[in-house]
Amino acid sequence: MAVWLSSCGRQTDGRQEGGDTVTFRYSSLLTVVRYDGYTVATIRNPWKEGRVLHTYVLVPRHHPLPQVLPEGTLIRTPIQRACVFTTVHCSLFTSLGVENRIVGVADLKYIKIPAIHQRVSAGEIVDCGNGLSPVVEKMMELKPEVILLSPFENSGGYGKVEELDVPLVECAEYMETSPLARAEWMRFYGMLLGEERQTDSLFAVVDSCYQSLKLRAQEAGKGRSVLIDKMVGSVWYVPGGQSTIGQMIQDAGGRYPWAGDTHSGSLSLPFETVLERGADSEVWLYRYSSDHTMSLQELLNEYTGYRQLSAFSRRQVYGCNVERSLFYEQTPFRPDYLLSDFIRICHPDLPNLPPLRYYELLQ
């Protein structure tokens with residue numbers, strides 16, 4: 001059972017000596033130190049420089065609690081019962097073969113993982129409602145050991161969920177500044193789940209595949225110029241040059257109009273600004289959500305200005321239907337899959353690449 005240290009009656013001590021720091025090659029937010037009898041995982045606050053978002057103290061469940069522990073949220077590992085609020089983490093549990101440890105989910109309509117829906121239908125997983133305001137009474141009955149959810153800047157906390165006295169695992173990997181840094185968080189989740197060997201091995205594969213693909217793209221030279229995403233309402237959210245998507249386009253050898261930009265998030269731009277800088281891009285990639293595959297005509301019906309884009313007139317538009325692909329479920333922890341798509345699109349003549357996994361050429 002996972003509990004807060006403040007309620008367990010154990011002595012806490014902020015001083016720690018003699019620990020062994022676990023090496024993370026890419027992550028800038030995670031620090032993990034092993035001590036005799038427990039492990040301390042610290043998440044740096046990505047929005048407040050020099051501040052800590054959360055500290056976790058992991059103690060194997062078959063070990064007695066040490067008499068002196070550092071301050072932090074105590075979690076007994078491996079976790080056996082978890083409520084998971086995000087589709088990407090449900091996907092990770094499934095890929096690790098531990099989906100049976102998920103006892104509750106939120107925002108089920110956004111989780112496109114058949115195994116999860118089957119377990120919900122069978123009554124093995126409970127749908128706890130909206131992630132922003134879940135049915136806490138259902139969650140209490142489930143007796144979860146942890147709740148996995150995504151933190152947001154200035155969110156104001158987690159409402160009634162915080163009253164459950166259940167450790168909240170704040171899944172902040174989406175704030176990492178590189179694709180591999182984000183994927184490396186699987187090693188932290190492996191520690192929580194008692195699957196360290198498996199996640200360390202899986203991440204080594206991801207890292208190796210990503211680096212091999214990146215090298216192949218570099219050897220192929222500069223690829224096609226790329227425009228990303230599309231209008232949402234009156235603005236176009238363009239990935240910043242230091243965003244994970246922006247970096248991956250460059251790793252794929254693509255020429256990205258905002259490559260020199262220093263933002264790690266998205267830029268909110270009017271169409272005229274995008275047109276000025278990206279009108280001549282040779283290929284256009286965008287994501288959408290639909291029950292069918294979009295056509296070029298449907299895209300034009302959304303916004304007639306698209307006709308001015310070179311990629312549109314040359315019919316070099318690739319769409320990723322997030323309803324029919326596992327883009328959001330897979331790519332955070334398998335960025336090598338997405339990089340492969342980008343390379344195939346940026347270097348259409350490069351041989352022996354896997355078929356496109358997420359994007360397809362619009363007709």
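**Pocket, aromatic pairs and parallel sheet**

The second largest pocket holds about 310 Å³ of space. Among the 15 residues that line the second largest pocket, Asn45, Trp47, Lys48, Leu53 and Phe152 are the closest to its centre. A pocket is here an open set of points on a 1 Å grid over the protein atoms alone where a 1.4 Å probe fits, with protein on both sides within 12 Å along at least five of seven lines, and lining residues have an atom within 4 Å of a point. The volume is the space filled by probe spheres set on the points, which are joined across faces, edges and corners. By class, the lining comprises six nonpolar, five polar and four charged residues; Ala, Val, Leu, Ile, Met, Phe, Trp, Tyr, Cys and Pro count as nonpolar, Asp, Glu, Lys and Arg as charged, and the others, Gly among them, as polar.

The model is predicted: local features need pLDDT of at least 70, side-chain atom pairs count only at pLDDT 80 or more, and totals for chains, interfaces and linings use all residues. Residues are numbered from 1 along each chain as its sequence is written, and side-chain values use heavy atoms, with hydrogens and water left out.

Rings of Phe, Tyr and Trp (its six-membered ring) pair if their centres lie within 6.5 Å, with planes under 30 degrees apart counted as stacked, over 60 as edge-to-face and the rest as tilted. By this rule there are 21 aromatic pairs. The ring centres of Phe152 and Tyr174 are 5.9 Å apart and their planes stand at 45°, so this pair is tilted. The pair links distant parts of the chain, 22 residues apart: Phe152 belongs to the loop between strand 11 (146-149) and strand 12 (168-170), and Tyr174 to the loop between strand 12 and helix 4 (179-183). Helices (H or I, at least four residues) and strands (E, at least two) are DSSP runs, numbered from the N terminus. Trp236, Phe271, Trp284, Tyr286, Tyr288, Tyr303 and Tyr306 form one aromatic cluster.

Five strands make up an open sheet with parallel pairing, in the order 10-9-8-11-12. Strand 10 (126-127) and strand 12 stand at the edges, each with a single partner strand, so one side of each has no neighbour in the sheet. Two strands pair if DSSP finds at least two bridges between them. Strand 8 (residues 82-84) and strand 9 (residues 102-105) run parallel and are joined by three bridges, and Ala82 stands opposite Ile102 in strand 9.
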